[in-house]
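Please keep the sequence and the structure in view while reading.

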Amino acid sequence: MMGCLALPLLVGAKGPRPETPAPRATGAAIIQENLVFLPGELTVRQGTRLSFPNRDGVFHSVYCASGSQTFDLGLHATGPGPTVVLTATGDLEVRCRVHRRMRATVHVTH
Ligand SMILES: [Cu+2]
């Protein structure tokens, strides 16, 4: 009679271990919708490419004038939006030139 060959070969195939560090150079997004940044606060790792999709039917203009890194991504219409690579650790306050109340805080960590 044939034996059962279903051997327990799944050892070590359970996905990432808890101590596995987060991958580098990942992407993240802050969505612009209903005239706010979503999320309004975000923590990412240094090297992250941050994108700003625009889901509104109006232009937005993303910039950061102070903090650990400054940038001005300009006006952009509805669509995938501009991106920026966060090269420095620290805190950033992202704002929109068109809508002064739009603000988001980004924490960039090692
Ligand atoms: Cu805006």
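Leaving aside neighbours within four places in sequence, Ala28 is in contact with Leu42, Val44, Thr48 and Leu50; two residues are in contact if their C-beta atoms, placed from the backbone, lie within 7 Å. The model is a predicted one, in which local features need pLDDT of at least 70 and side-chain atom pairs count only at pLDDT 80 or more, while totals for chains, interfaces and linings use all residues. Residues are numbered from 1 along each chain as its sequence is written.

Ala28 lies in strand β1. Strands (E, at least two residues) and helices (H or I, at least four residues) are DSSP runs, numbered from the N terminus. Ala28 is partly exposed, because 16 other C-beta atoms lie within 10 Å. The terms are defined as follows: a residue is buried if 20 or more other C-beta atoms lie within 10 Å of its own, exposed if 12 or fewer, and partly exposed in between, with C-beta atoms placed from the backbone. Ala28 and Thr43 are 15 residues apart in sequence, and their C-alpha atoms are 9.6 Å apart in space.

The view may now be widened to the whole chain. Its secondary structure comes to zero helices and ten strands. Of its 110 residues, 15% count as buried. Among contacts between residues at least 6 apart in sequence, 45% join residues at least 24 apart.

How are β1, β5 and β8 arranged? These three strands form an open sheet in the order β1-β5-β8, with mixed pairing; two strands pair if DSSP finds at least two bridges between them. β1 (27-29) and β8 stand at the edges with a single partner strand each, so one side of each is left without a neighbour in the sheet. On average, neighbouring strands of this sheet are turned by 25 degrees against each other, direction ignored; the axes are lines fitted to C-alpha atoms, for helices over the stretch in contact, and angles run from 0 to 180 degrees between N-to-C directions. Strand β5 (residues 49-51) runs antiparallel to β8, and three bridges join them. Ser51 stands opposite Thr83 in β8.

Pro82 is found in the loop between β7 (71-76) and β8 (83-85). With 19 other C-beta atoms within 10 Å, Pro82 is partly exposed. Not counting residues up to four places away in sequence, Pro82 touches Phe52, Val62, Leu73, Gly74 and His76. Pro82 and Pro53 are 29 residues apart in sequence and 7.3 Å apart in space, C-alpha to C-alpha.

Attention now turns to β10. Strand β4 (residues 41-45) pairs with β10 in the parallel sense over five bridges, and the bridge partner of Leu42 in β10 is Val106. β9 and β10 pair in the antiparallel sense over six bridges, and a hairpin joins β9 to β10 through six residues. Leu92 stands opposite Val106 in β10.

The largest nonpolar core has 13 residues, of which Ile30, Val94, Ala104 and Val106 touch the most other members. The elements that give two or more residues to this core are β9 (90-96) and β10 (103-109). A nonpolar core is a set of buried Ala, Val, Leu, Ile, Met, Phe, Trp, Tyr and Cys residues joined through C-beta atoms within 7 Å. Not counting residues up to four places away in sequence, Ile30 touches Phe37, Leu38, Pro39, Leu42, Leu50, Phe52, Val94 and Ala104.
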